[in-house]
Amino acid sequence: MVTFVVEAADPADPLPDFIPGQYVSVGATLPDGARQLRQYSLVHAPRDGRLAFTVRPVAATADQPAGEVSNWLTTHVTVGDNLAITLPFGDLTLDTAASTPVVLISAGIGITPMIGILEYLAAGTAQRQVLVAHADRNPDIHPLRTVRRDLVDALPNADLELWYEQPSGDSRTGTLTVSALDLPAEADIYLCGGAGFLQSVRAQLTAAGVPLTRVHSELFSPDDWLLR
């Protein structure tokens, strides 16, 4: 994966601050002339008029072609290049005025908005209770794994729970199970990942008696209706 840090081309008109958990759309003009937009979560805390987003190139499989934009960005964009991006937006945002506990649950590349939220909390030396849970196939493909561990360690009241499909060290093996988490009372819960993962976790939270008003989700696909 590659993390891109961007700043305004005109220093007199700096990029705006944003709310932790938001994302930007990045425009790419591909070699065939096609113009494409892709969305990437911001992974740094607001600072110095700069925005940072992480891109994982999508490899081709038997079921789908390689990701055009992700591969173009990670192989062609270098320091000093110009990129077209939108202003930050998105609804999976941290209530920065609250003091309630925060639970961040993700799978795969759904980790990226959680990194942005953790960066904000760590930068402000937040005292909020934080529970972080992540699911992946194995640690080798776990995005931003070391970054997340460092951020959790930097927070005074944070815990990390990991699930890998393949056995690895002291992590749990299999799929993420909400009943194995010690959910803080009155916590705000943030979810991000694929459709099947979000459906499963939301159903488990409902079964555990968690009001959906406290559950905030972002789906990394166009099928938002799957969450209704």
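Modeller: Val130 stands opposite Ala158 in strand E8. This is a predicted model, where local features need pLDDT of at least 70 and side-chain atom pairs count only at pLDDT 80 or more, while totals for chains, interfaces and linings use all residues. Residues are numbered from 1 along each chain as its sequence is written, and side-chain values use heavy atoms, leaving out hydrogens and water.

Strand E7 (residues 130-136) and strand E8 (residues 158-164) run parallel and are joined by seven bridges. Strands (E, at least two residues) and helices (H or I, at least four) are DSSP runs numbered from the N terminus, and two strands pair if DSSP finds at least two bridges between them. E7 and E8 belong to an open sheet of six strands with parallel pairing, in the order E9-E8-E7-E6-E10-E11. Strand E9 (172-173) and strand E11 (215-219) are the edge strands, each pairing on one side only.

Helix H2 (residues 111-123) packs on this sheet and touches strand E6 (102-107), E7, strand E10 (188-193) and E11; contact means heavy atoms within 4.5 Å. The direction of H2 makes about 150 degrees with that of E6. Such angles run from 0 to 180 degrees between N-to-C directions, with axes fitted to C-alpha atoms, for helices over the stretch in contact. Helix H3 (residues 145-154) lies across E6, E7 and E8, at about 155 degrees to E8.

Next come the side chains. In soluble globular proteins, nonpolar side chains tend to be buried together. A nonpolar core is a set of buried Ala, Val, Leu, Ile, Met, Phe, Trp, Tyr and Cys residues joined through side-chain atoms within 4.5 Å. Buried means under 20% relative accessible area, with exposed over 50% and partly exposed in between (1.4 Å probe, protein chains only). The largest nonpolar core has 26 residues, and Val130 is one of those that touch the most other members, a group including Leu104, Leu118 and Tyr190. Two or more residues of this core come from each of E6, H2, E7, H3, E8 and E10, and H2 gives the largest share, seven residues. Apart from this core lies another, of 20 residues, including Ile105, Val178, Ile189 and Leu219.

Leaving aside neighbours within four places in sequence, Tyr190 is in contact with residues including Leu92, Leu104, Ile105, Met114, Ile117 and His216. In the protein as a whole, buried residues make up 44% of the 228 residues.
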